Amino acid sequence: LAYLKDSRIPLLTEFEELLNEELQEPLGFPDSLWEEQLLNEKSILLEMILAENPRLEQLEHQARSFEEQLTVAKKMGLPSFTLGGTYTNIASRTDLDPAMALPDNGQDAFIFPQIGIRVPLYRKKYKALRQEAILQQEAVQLKKENLENELETKLEQLYRDYVDAVRNVELY
């Protein structure tokens with residue numbers, strides 16, 4: 001008890017330091033400790049944490065992003081076809097003498113049609129893009145599993161601290 005009474009002043013000083021101001025009134029302490037029970041069981045708490053953790057959601061979005069990259073890489077390796085035309089707007093020249101008039105001065109140019117076929121012959125690039133997307137998906141999945149394990153471990157530690165606090169309330 002003497003130690004706890006002696007610790008009161010340094011703890012109050014540290015509290016004032018954290019607040020960055022001096023307390024005008026002494027701190028009030030309750031006569032008895034209150035007890036709060038957990039509303040859910042540990043397994044339900046873990047499910048809630050895993051369902052609502054923003055870092056897990058971020059990793060899920062990254063995994064979906066890499067799935068789309070895999071689809072893009074597959075489509076980039078397919079042959080592609082182009083069909084089109086070209087139009088060029090040509091302004092008439094006004095800086096020429098009327099005696100030197102050019103034929104077709106100012107007539108726009110149309111070039112039709114344009115056809116193109118691209119066949120990817122060297123497929124190593126596209127295979128590498130697909131392999132990269134697959135490996136990145138696996139990396140994100142492993143990060144997600146690691147984070148889930150860390151969250152479960154942290155919950156177990158906090159639950160242990162809660163049970164210990166309940167025992168200490170009964171003890172004191």
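A search of the whole structure, which is a predicted model, finds four salt bridges, a salt bridge being a side-chain nitrogen of Lys or Arg within 4 Å of a carboxyl oxygen of Asp or Glu. Residues are numbered from 1 along each chain as its sequence is written, and side-chain values use heavy atoms, with hydrogens and water left out. Local features need a pLDDT of at least 70 and side-chain atom pairs count only at pLDDT 80 or more, whereas totals for chains, interfaces and linings use all residues.

**View 1. The salt bridge between Glu156 and Lys42.** The side chains of these two residues meet at 3.1 Å, N to O. Glu156 belongs to helix 4 (residues 124-171) and Lys42 to helix 2 (residues 42-52), so that the pair links distant parts of the chain, 114 residues apart; helices here are DSSP runs of H or I with at least four residues, and strands are runs of E with at least two, numbered from the N terminus. Glu156 is partly exposed at a relative accessible area of 37%, and Lys42 is also partly exposed, at 28% (buried means under 20%, exposed over 50%, partly exposed in between, with a 1.4 Å probe and protein chains only).

**View 2. The salt bridge between Glu60 and Lys144.** The closest N and O atoms of this pair are 3.3 Å apart. Glu60 is partly exposed, with a relative accessible area of 30%, whereas Lys144 is buried, at 17%.

**View 3. The annotated span in residues 130-168.** An unreviewed UniProt entry annotates these residues as a "coiled-coil region", and such annotations may be inferred rather than shown by experiment. In the model the span is 100% helix and 0% strand, and its end C-alpha atoms lie 57 Å apart.

**View 4. A nonpolar surface patch.** Phe81, Ile117, Val119, Leu121 and Tyr122 make a patch of about 680 Å²; patches consist of residues with over 30% relative accessible area and no salt bridge, like charges being joined within 9 Å and nonpolar side chains (Val, Leu, Ile, Met, Phe, Trp, Tyr) within 5 Å. Phe81 is found in strand 1 (residues 80-88) and is exposed, with a relative accessible area of 65%.

Technical notes:
Accessible areas come from the Shrake-Rupley method with a 1.4 Å probe; for residues, only the protein chains shown count as cover.
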